[in-house]
Amino acid sequence: MSLLRVPSASIVAALTLTAGLLTGTASSTQAAPLSYYLPADVSYDASIPTPDEVLGYGVGTWHVRPDQVVDYMRRLAAASPRITLEEQGRTHEDRLQVLLTITSPANHGRIEEIRREHIALSDPTNPEPTDAQIGAMPVVVWLGYSIHGNEASGANASLVAAYHLAAAQDAETMNSLDHAVILFDPMYNPDGLGRFAHWANMHKGDILNGDPNHREHTEGFPGGRMNHYWFDLNRDWLLLQHPESRNRVVNFHRWKPNLLTDHHEMGANSTFFFQPGVPERKNPLIPEGNLDLTNRLAKHHAAAFDAENRLYYSKESFDDFYPGKGSTYPDLNGAVGILFEQASSRGHLQESVNGDLSFPYGIKNHFLASLSSVRGAVADRVAFLQHQSRFFREAKAQADALSTKAYVVNTQGDSGRLTHLVDNLTRHQVSVHELAEDITIDGMRYAAGEAVVVPLGQAQHILIRSLFEPLTNFTATTFYDVSTWSLPLAFGATFSGVERGQYRPSMLGERIQDGSIAQASAPDAGAYAYAFRWDDYHAPRALYRVLAAGHKARVATESFSARTDDGSTRFERGTIVIPAGLPGNASLQEAFITIAKEDGIEIVALRSGYADGGVDLGSPSLRPVDLPKIMVVVGSGVSAYEAGETWHLLDDRFDMAVSLVEADRVARIDLSRYTHIILPGGFYSRFGDGFTKAITDFGRSGGTLIGIKGGAAFLDSAVRERKAEGDDDSDAEVTPPDAERTYESYRAARAEQLISGTIVETNLDLTHPLAYGYQVPKLPMFRTNATLLPEVKNPFEVVATYSSPPRMSGYISEENQQRLSGQPAVLASRFGRGTIVQLLDNPNFRAIWYGPTKLFMNSIFFGPIVQGTSAPDTWLE
């Protein structure tokens with residue numbers, strides 16, 4: 001084997017460059033040589049291609065593209081016996097997600113045996129492993145980079161880290177490869193990384209410009225942080241709504257790593273962060289052993305950064321509370337997750353309070369953290385493996401001692417929602433069973449075949465409790481992310497704990513393997529009309545298929561009974577009726593077959609237009625439903641997250657065409673081509689009078705306006721011409737200073753009044769078209785702000801109100817509890833010939849809130865049929 005040794009002259013040059021990369025004393029066009037990143041006096045196998053050789057330039061000179069990352073990883077796998085490469089899957093934009101397995105050739109020779117022995121530690125029903133057995137096992141380390149695409153120093157560092165692990169010949173690396181299996185994910189978010197690389201590279205000049213106002217550092221909407229649909233993938237580990245997360249979690253559970261790293265960036269004026277983070281904000285279900293290992297690792301990170309005289313911190317800012325992040329999800333799965341945050345150059349060079357911050361400087365920091373992670377995991381290999389085994393054994397002991405033995409769940413007859421809920425749980429390796437026996441708990445009846453059972457006595461006991469147990473008691477009132485994440489509440493499900501005295505093993509029916517949609521049967525041709533109920537989650541997709549095919553449909557605003565092949569059958573409000581005799585409805589079978597197969601919707605043949613009860617099928621109470629032509633306002637000033645959630649729901653989940661239109665173009669285009677305009681959260685007043693006039697004219701002319709959060713507030717002020725009470729505080733009473741309020745206490749006092757992700761209960765008017773398809777009036781919603789609308793004088797415009805008190809799970813101050821109680825949550829009103837729908841909370845939050853989806857889809861399909869009403873105090877005028 002020929003060896004490549006870093007020349008001492010190159011080392012000197014690299015050390016000289018190191019200072020310049022942060023202080024700005026080096027030439028702004030100077031690229032970092034590979035020797036800048038690599039440890040000194042380590043020999044490298046010359047047969048392994050370097051990143052520079054494959055890229056054609058030095059790492060950090062340009063932002064690497066996803067295809068270049070994949071190409072380099074393939075080259076390494078082809079050249080090194082230490083590496084194998086597999087394809088995990090593909091992203092929304094059809095980019096490859098690859099995973100490298102890096103270990104010694106000897107370990108590769110028995111890699112499946114190693115994997116099976118390793119995951120056996122996570123099964124508490126296995127005999128407890130002996131010290132000798134654990135001592136012979138390698139530790140499993142997952143290194144993962146840049147889940148936020150515009151935090152690109154991580155993915156670029158992966159090139160250097162992979163090369164080092166493939167080619168380094170030093171004793172430490174050899175020992176690490178003998179005692180560790182390294183699962184190497186070079187880029188968690190290929191789509192976002194590609195978008196940001198294009199932005200940064202297209203604005204790079206021959207002379208690097210560190211001015212923070214330079215366009216290179218100020219991305220245009222939506223930016224490269226998110227994935228294709230503008231979602232933050234670092235919130236999706238638990239929610240699993242995107243292929244990137246689903247593909248990754250398959251391998252996570254296939255291997256059950258002991259340590260997972262998550263490499264990020266933060267503001268340019270920061271330094272470098274590694275955990276433990278804020279100790280008071282740790283998830284209560286994370287065992288103390290996890291914190292002990294995190295602190296042990298921190299000493300290895302500190303030593304690595306001390307040796308290079310690099311600044312860092314470790315016990316502030318970030319926390320381990322929400323388990324949907326990459327650094328916390330492992331903690332509830334018997335592993336240790338570690339967050340790294342590097343001050344960001346957001347391009348190639350940026351000014352900072354610490355001097356000019358270069359892209360290579362950040363890359364090297366992530367490289368150092370990668371090596372210190374492997375070093376620490378190998379040094380404490382036995383402790384990590386013991387922690388894994390102990391975690392699941394202690395979870396089993398907790399399950400045995402807990403009085404609650406299982407959770408039983410139903411979705412009020414909505415099989416679509418239940419299917420998606422089960423799909424999420426099974427992807428997390430949670431065992432879910434059909435309910436085999438009827439059971440009543442606290443007056444709530446769960447019918448066999450219509451509900452599922454999740455036993456707590458299983459390996460994923462801790463994760464199940466995290467997903468099901470409401471959170472109402474908090475030791476801290478500041479949260480880096482949301483304060484609650486109850487999965488059944490997100491799905492609008494009814495669920496109950498089954499206590500020891502009621503639990504019977506015979507309750508457990510067949511184990512459900514996945515969340516596949518059960519296919520229905522399409523009806524035969526020749527009926528008078530066809531109908532399908534609106535209570536299934538996928539009913540809006542079925543309706544859109546019918547309308548997009550050119551067929552005509554109507555919605556029942558009154559219940560009726562009609563003759564079917566099973567006799568007289570009752571249909572509730574919201575039922576979709578497709579009369580066979582209307583023009584365009586002659587050939588319905590193709591659409592019906594697709595609906596039955598892909599949506600699982602049962603379409604019922606109606607044999608007569610004469611109702612056995614209620615209204616006939618030709619009644620004016622069956623209102624025509626038109627094909628929606630939807631525009632979503634996007635652009636700077638609009639929340640990319642909320643716009644993306646709307647786009648994803650309609651485009652990806654319901655197969656509906658959506659036009660994304662920049663806000664600054666709204667006043668200049670023909671809006672008459674649309675039937676609906678959706679305004680996600682945003683600051684719409686900044687778009688000026690022309691925007692406001694265009695939006696209000698659209699509504700007056702017969703369009704449907706749907707505002708979410710900030711969009712709802714905009715519609716209230718701009719369209720309904722209402723002004724919030726208390727905006728004019730010129731006569732406000734002056735509050736005397738509070739002697740107990742100190743400058744130091746400001747942040748904590750302010751945080752107490754924020755609503756940073758809380759589940760609240762709303763009460764629906766089930767007679768309203770926007771509530772069609774719901775069986776129960778109680779609907780959980782996710783609230784992330786304290787905004788309320790002024791007093792509503794017309795009660796008939798109120799679709800939903802907040803319960804008193806509203807909190808179901810999560811942190812909310814008593815003051816905000818009182819403010820929300822009884823207030824409107826959803827409003828629908830006529831405006832000219834159009835309709836305004838105002839949703840105070842985001843019904844599409846992170847794509848996991850399946851419960852309120854129907855409310856949003858009803859706003860689209862049934863918003864136009866909302867009739868005008870007036871306040872009672874005007875009736876005698």
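## Cavities, pocket, helix packing and backbone exceptions

About 100 Å³ of space lies in the largest cavity, and a search of the whole structure returns six cavities of 30 Å³ or more. Here a cavity is a set of points, on a 1 Å grid over the protein atoms alone, where a 1.4 Å probe fits but cannot get out, and lining residues have an atom within 4 Å of a point. Grid points are joined across faces, edges and corners, and a volume is the space filled by probe spheres set on the points. The structure is a predicted model, in which local features need pLDDT of at least 70 and side-chain atom pairs count only at pLDDT 80 or more, while totals for chains, interfaces and linings use all residues. Residues are numbered from 1 along each chain as its sequence is written, and side-chain values use heavy atoms, with hydrogens and water left out.

The largest cavity is lined by 16 residues, of which Leu239, Thr484, Trp485, Ile848 and Trp849 are the closest to its centre. By class, this lining has 13 nonpolar, two polar and one charged residues, where Ala, Val, Leu, Ile, Met, Phe, Trp, Tyr, Cys and Pro count as nonpolar, Asp, Glu, Lys and Arg as charged, and the others, Gly among them, as polar.

A pocket, by contrast with a cavity, is an open set with protein on both sides within 12 Å along at least five of seven lines. The largest pocket holds about 510 Å³ of space, and of the 24 residues that line the largest pocket, His768, Phe796, Val866, Gln867 and Thr869 are the closest to its centre. Its lining divides into eight nonpolar, eight polar and eight charged residues. Strand β34 (residues 824–831) gives the most to this lining, with three residues; helices (H or I, at least four residues) and strands (E, at least two) are DSSP runs, numbered from the N terminus.

Two helix pairs can be described in some detail. The axes of α18 (residues 539–548) and α19 (residues 589–599) come within 10 Å and cross at roughly 160°, the axes being lines fitted to C-alpha atoms over the stretch in contact, with angles running from 0 to 180 degrees between N-to-C directions. The helices α18 and α19 are therefore roughly antiparallel to each other, a term for angles over 145 degrees, whereas those under 35 count as roughly parallel. Arg541, Ala542, Arg545 and Val546 of α18 make the contact with Thr594, Ile595, Glu598 and Asp599 of α19, contact meaning heavy atoms within 4.5 Å. These residues divide into three nonpolar, one polar and four charged.

For α4 (residues 66–79) and α8 (residues 153–167), the axes come within 11 Å and cross at roughly 0°, and α4 and α8 are therefore roughly parallel to each other. Val69, Tyr72, Met73 and Leu76 in α4 meet Ser158, Leu159, Ala162, Tyr163 and Ala166 in α8, a contact with eight nonpolar, one polar and no charged residues.

Most residues other than glycine have a negative phi, and most peptide bonds are trans. The table gives exceptions.

| Site | Value |
|---|---|
| Phenylalanine 221 to proline 222 | cis, omega near 0° |
| Serine 804 to proline 805 | cis, omega near -5° |
| Aspartate 94 | positive phi of about 65° |
| Glutamine 429 | positive phi of about 65° |

Proline 222 has its place in the loop between α10 (190–202) and α11 (243–255), whereas proline 805 is found in strand β33 (residues 798–809). Aspartate 94 is in the loop between β3 (83–90) and β4 (96–102), and glutamine 429 is in the loop between α15 (415–427) and β13 (432–435).

Notes
Parallel < 35°, antiparallel > 145°, perpendicular 65-115°, else oblique.
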